[in-house]
Amino acid sequence: MTEAPLVEMHHIEKYYGRVHALRDVNLTIRKGEIVGLLGDNGAGKSTLIKVLSGAVPYTSGEIRIKGKPIVMTSTNDAIDAGIETIYQDSALVPMLSIARNLFLGRELTTGPGFMGRLDQDRMNAVAADLLRRVGISKNIPPTTPIGSLSGGERQAVAIARAMYFDSDLIILDEPTNNLGVAETQGVLRFVREARDTGHSCIFIAHNIHHVFQVVDRMVVMRRGTVVADDLRPATSSIQDVEDVITGEHLAL
Amino acid sequence: MTEQGTTPTEHPPALGIVRFLIAKPEFGPLVLLVLMIVVFTSINPAFASLNNIGNALTFTVELGLIALSMTLLMTAGEFDLSVGSVFGFSPVIMWTFFNAGFLPLPAAFIVALLIAVCIGLVSGLFVTRLGIPSFLVTLGMLLVVRGSALWLTDGFPQRTWDAHDQWLSQVLVGDFYIGGLRIYMSLIWFILLASLSHYFLTRTRFGNWIQATGGNPSAARNRGVPTQRVKVTLFMMSAAMAAFAGIISSIRVSAANPNSGAGYELEVIAMVVIGGTVLTGGRGTIAGTVLGVLILRLMRNGIVLIGVPGLAYNIFIGAIILGMMALHAGLERRHNTGT
C-alpha cells in the first residue's frame, strides 16, 4: 500500500449565503510537489485557499491530511496540521521586527501562558540564523521592522517562517505580485528550495510564466470547480493552459 | 536578492546615536517637556517649587491612568470615547451602594469595577462581533453611561466624606511626605501601573499580539492571533482603568459627581497621540504617553503660573497636538522609506 497523499479534499462545497462558491471540489496534493493553482478572477481559487487554511469554514465535504480526516475550524487548526498560508498583503506586520514576525502567534516565551515574557534573545538568534540560511542576511539585523524590507525580502521572510516551522504544505498566494525580475527569481528559488527540503507548495499566480518556471503540476479552476488537475509544464503549452482557464478549449 | 539587500548606510558612531534618538517616537515629546520646564521656570521660579510639582503630579495621575490603558487599546487599533463617562459613573455606583448601607466599601469598590468591566465587554463585543467602528460604539456608550449616572443620582453628587476612616481610601489616595514633597498614593499607583503597562506591551506575548492586531489585523489572524479577544480584553481594561481613576478622583475631591469626567476622553486621546502612539494602531509607547500626560498637565499648570489667561489653555494644547502630529508624520514617512 502506498503512502497516503499529504492533502486530500473530497467533494468540498462552499456557499456564501446563496452564492455557490465551491462546487464539488476534489484536490490531492502529494508530498514534495509544487502545484500551481490557476483560474480567472472569481473562479474560486481564493475561497479554496481560505478553506484549506482554516480562514473560512466549508459547507460540506471532507479534508484528509496524510490519510486522516481533520476538522478545520480556525487558522490555528490548519497551522497545527502543518499548513502555512502566505497571503500577499497580509502575511506580515510591517511595524514589528523580522524576529517578532517570524514567531508571531508562536512566540518563544519564558513563563506561563499569554503573560509569558518574550524570549527576545532566542527569537533574534533563530531569526538571524534563518535569514542567513535563506540568503538575505546581508547586514539586516533580525530586529529590523518588516516595513523597511523590499517586497522580495518580505516574501523570503514569510517562506523562511514556513520552513522553520516545518510546515508540510506552504500555500503561496500571488507571491510574485509587484516584484521586480530579480526578486521574482529569488522567490521562485525559495519555492524550489522548499520543495527540495520536502515541503509541498500550492502556488497561485496570475502570471502563468512564473507558474511554468516552478510547478510540477497545474490545477485549473473555473466557476467554483476544478476543471483540470493534471496539466504539466512538460506536456502543455502556456496557450493550452490559458485556453483551459478561459474555457476556450471547450469551444473547439 | 542578496545583492539588493537594504544595507544601512554607515555613519560615525556619534551621529548614529543622535539619529537613533531622533527616530524614537518619544524624542519629540521629551524635548518639548524639557523645553516647557525650562521656559516656565525661567519666567516664574515658583513653577519648579516642590509644592507646585506635588500638586501638579496629583492631578496628573487621574487622567494618566486612563491614558495608560488607552495607549494599549489604541495600539491595537481602537479607541474608547466612553472613558470620561465611566470615570463619572463608577464612583456614583460605588458610593451609592456604600452610602445606602448595601455593601462595605471594599465590596462596593469591586462591584463598581466589575460593572465597568461589563461596560467594556459590551463595547468590545459591538466592535468585534458586529464590526461597528469603535468611534460610533463608544460614542453611544458614552451617552448611555453618562445618562445612567445622571438618572441614578437625579444629577446630584454622592457624598464621600465618610471615606476618610476607611483603609481603602488610604490605600487609594492617602498621602505621605518625602522631604518637603507631599506624595499621594495615587502617584504610586500611576508609577506602578505605568511600569506594568510598559512591560506588558513590550515584553510579553500578549503585548506582541496587541501590536500585531493594530499593525496588520489580517496577518495577525492568519497567524492564529485571537485579535477579537485581544480587543475585547483591552476594552475591558480601558473601562476598568477609567473606573479606578474616577474612584480615586471622587475620594480626593470628597464627592462623586455624575457629571465629572466630561470631555476627559478627548484629553486622554490627546495625551496618547502627543506621546507618539499611532491613532490607527500598530505602534504604541507607554513612555511616550507618560510624557504626553506630563506635557498637557504641566502646560495647564504652567501657563497659569506665568500669567497667561487660563482660558487660553486650549490654544496651547491644540497647537501642541498639531505640532506633534506634524513631527510624528514626518518620522513615520522617514521610517516607512527605511532611511
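Start by selecting B:Gly155, in the loop between helix H6 (134-153) and strand S1 (158-159) of chain B. Helices (H or I, at least four residues) and strands (E, at least two) are DSSP runs, numbered from the N terminus. This is a predicted model, in which local features need pLDDT of at least 70, side-chain atom pairs count only at pLDDT 80 or more, and totals for chains, interfaces and linings use all residues. Residues are numbered from 1 along each chain as its sequence is written, and chains are lettered from A and ligands numbered from 1 in the order in which they are written.

B:Gly155 is exposed, with 11 other C-beta atoms within 10 Å; exposed stands for 12 or fewer, buried for 20 or more, and partly exposed for in between, with C-beta atoms placed from the backbone.

Strands pair if DSSP finds at least two bridges between them.

Now show strand S11 (residues 217-222) of chain A, which pairs with S12(A) in the antiparallel sense over 4 bridges. Within this part, A:Met221 has A:Val226 in S12(A) as its bridge partner.
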